[in-house]
Amino acid sequence: MGTGGPFRPDMTIVLAGMRRPTLGGVVGENKGGKSFMRIGVYGLGYVGAVTVGCMAELGHKVIGVDVADHKVELVLAGEAPVVEPGLNEFLARHVADGQITATTDGKSTATDVDVVMLAVGTPSTPSGGIDPQYLMAVAGQVGAGLRDNPRPFVTVMSRSTSLPEVHEALIAELESASGRKLGESLGYACHPEFLRETTAIADFFDPPVIVFGADDPQTFMQCRDLYPGIDAPTVEVGIGEAAMVKYAANCFHALKVTFANEMGELCRTFGIDSRSVMEIFCQDDKLNISSKYLRPGNPFGGSCLPKDLRAILDVARDKAVTVPMLSGTLLSNQHQIDSLAERVLTDRPARVAVIGLSFKEGTDDLREAPMVAVVERLLGKGVDVAIFDAELAVEDLTGANKSFAMTAVPHLADLVSRDLTGVLEGADAVIINHRLADITDWTDITLDSDTQIMDLVSTPGLANHPGYQGIYWHRTDRAEHITLA
Ligand SMILES: NC(=O)c1ccc[n+]([C@@H]2O[C@H](COP(=O)([O-])OP(=O)(O)OC[C@H]3O[C@@H](n4cnc5c(N)ncnc54)[C@H](O)[C@@H]3O)[C@@H](O)[C@H]2O)c1
């Protein structure tokens with residue numbers, strides 16, 4: 001089992017809704033004639049209690065499990081153990097109609113379920129890591145119960161937020177406690193939860209996306225029976241990717257709040273109403289509130305972003321405004337440029353080919369282009385550098401553009417060429433910074449098998465080259481395939 005590692009395109013399936021063929025995870029029909037599964041939900045906190053109520057509303061039979069007697073008693077009485085608008089009604093209705101029951105006996109529950117959902121807490125350790133003790137304890141109980149479960153295949157899904165390594169440990173514990181083997185009689189899915197407290201029920205029935213991370217087809221098939229009637233974009237990926245989607249979402253949400261507040265503080269210092277500024281900012285759903293600028297790859301550069309960020313940091317210093325996130329942004333970008341150069345230098349290449357010098361393809365603007373800094377660093381280490389850039393004619397550069405490039409790389413004209421084959425010839429390493437519109441298939445380009453490739457732009461057709469490295473990924477195929485319906 002691996003929670004990350006090389007992508008497998010067959011595991012990347014994007015569904016426009018939940019109406020896909022299934023293997024038969026559906027085990028029966030409820031009174032309304034809807035299909036249902038028997039689901040054990042472990043943990044009756046915010047996520048677990050909402051899951052119990054909403055899964056029953058979808059037609060499943062649900063057993064809520066918690067170590068806390070009072071939470072179990074509340075659920076059995078049809079009352080929510082947490083404050084969440086609308087939840088009491090669901091629990092009352094479905095305890096009354098027999099769809100929901102609850103117990104403190106986690107082991108027995110696992111003897112008679114099709115699916116287990118883990119929703120116990122994953123609190124912080126003193127150092128900030130994840131404390132997996134509740135998850136591991138539940139895995140032990142569930143595994144023990146699964147030994148007596150007659151079903152040939154049972155899937156355990158974790159809704160608790162945890163890192164890829166925790167999922168690996170959980171799978172190991174489940175296998176050992178149950179005597180079942182992953183992918184044969186035991187399924188495991190990371191199924192991250194995106195609900196927000198106070199709007200949890202609305203979020204459950206209208207999720208932005210449903211994500212299942214698993215390593216075997218039968219688990220995916222069982223996952224597909226979970227949400228009958230809910231029409232939401234659904235993504236099936238590896239366990240590690242699913243786990244990291246949840247962390248990406250929460251880190252981004254935290255970053256958005258902090259960004260708005262740092263902007264607020266700057267605006268307040270200038271006597272400007274930050275509410276208007278951010279309101280207008282948010283109206284731009286082409287560049288600001290959009291998927292733009294959210295793909296891992298190149299560090300940022302160009303004539304505007306670094307300059308304007310520096311101006312804001314300068315005025316913030318002047319006015320004693322503390323904006324650690326914005327300061328950190330510049331530091332982080334510089335770190336990315338430095339570490340890119342270090343990674344290319346690791347194998348001590350004598351000759352490096354650079355495909356694309358400007359900060360993005362289609363322009364000859366070299367001002368603050370990260371690749372200029374990388375080339376400067378490589379030259380400083382005595383590396384022979386050859387550059388291909390489809391738009392760049394060094395003799396035509398003028399003004400600030402010319403002076404920035406010439407200050408960093410005085411002999412730039414000698415390094416740049418429009419002859420791609422010549423640039424690549426004899427290169428020990430290639431940095432691909434631009435996608436070349438004319439080259440749709442890099443397999444047509446002859447590269448020695450021992451040439452190291454550092455790809456910043458998800459270049460198609462190169463992933464199988466033995467020297468291939470994506471700057472922040474193993475292979476490019478996955479990113480090409482994912483389009484949310
Ligand atoms: N609260 C949210 O809005 C939210 C949203 C998305 C994801 N999450 C994640 O979901 C997970 C659960 O969060 P929460 O806020 O619902 O937690 P919570 O602390 O409210 O509830 C956890 C429950 O698990 C129970 N529990 C502990 N050990 C148990 C065991 N061995 N068997 C059965 N029950 C046991 C506890 O008694 C408690 O009732 C966390 O990983 C959290 O990060 C939370």
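What pLDDT does the protein chain average, and what share of the residues score at least 70? Here are some notes to go with the structure.

1. **Confidence.** This is a predicted model, and the answer to the opening question is an average pLDDT of 90 for the protein chain, with 90% of the residues scoring at least 70. Where pLDDT is low, the predicted coordinates should not be read in detail.

2. **Overall make-up.** You will find 17 helices and 17 strands in the protein chain. Of its 485 residues, 39% count as buried. If you look at contacts with a separation of 6 or more, 69% of them come from residues 24 or more positions apart.

3. **Around the ligand.** Which residues are closest to the ligand? They are Gly 43, Gly 45, Val 47, Thr 122 and Ser 160, out of 26 residues that surround the ligand. Two helices, α1 (46–57) and α5 (133–146), each supply at least two residues of this shell. By residue class, the shell divides into 13 nonpolar, eight polar and five charged residues.

4. **Helix α2.** Residues 69–76 form α2, and its buried residues are Lys 71, Val 72, Leu 74 and Val 75. Seen down the axis of α2, these buried residues fall within an arc of 160 degrees, so they line one face of the helix. As a reminder of the geometry, an α-helix has 3.6 residues a turn, so residues three or four places apart point the same way. The face of α2 turned away from the buried side carries Asp 69 and His 70, which are exposed.

5. After α2 comes Gly 78, with a positive phi near 80 degrees.

6. **A buried aspartate in a loop.** Asp 389 sits in the loop between β13 (384–388) and α14 (399–408). Is Asp 389 buried or exposed? Asp 389 is buried, because 25 other C-beta atoms lie within 10 Å, and the cut-off for that class is 20 or more. Beyond its neighbours within four places in sequence, Asp 389 is in contact with Gly 356, Leu 357, Ser 358 and Val 416. Glu 361 is 28 residues away from Asp 389 along the chain, yet their C-alpha atoms are separated by 8.3 Å.

7. Thr 198 has a positive phi near 80 degrees and is placed in the loop between β9 (186–190) and α7 (200–205). Ala 320 has a positive phi near 55 degrees and lies in the loop between α11 (305–318) and α12 (324–345). Thr 198 counts as exposed, with 11 C-beta neighbours inside 10 Å. Ala 320 counts as exposed too, with 7 such neighbours inside 10 Å; the cut-off for exposed is 12 or fewer.

Technical notes. Residues are numbered from 1 along each chain as its sequence is written. This is a predicted model: local features need pLDDT of at least 70, side-chain atom pairs count only at pLDDT 80 or more; totals for chains, interfaces and linings use all residues. Helices (H or I, at least four residues) and strands (E, at least two) are DSSP runs, numbered from the N terminus. Two residues are in contact if their C-beta atoms, placed from the backbone, lie within 7 Å. A residue is near a molecule or strand if its C-beta atom, placed from the backbone, lies within 6 Å of it. Ala, Val, Leu, Ile, Met, Phe, Trp, Tyr, Cys and Pro count as nonpolar, Asp, Glu, Lys and Arg as charged, and the others, Gly among them, as polar. pLDDT is the predictor's confidence in each residue, from 0 to 100. The arc is that of the directions from the helix axis to the C-beta atoms.
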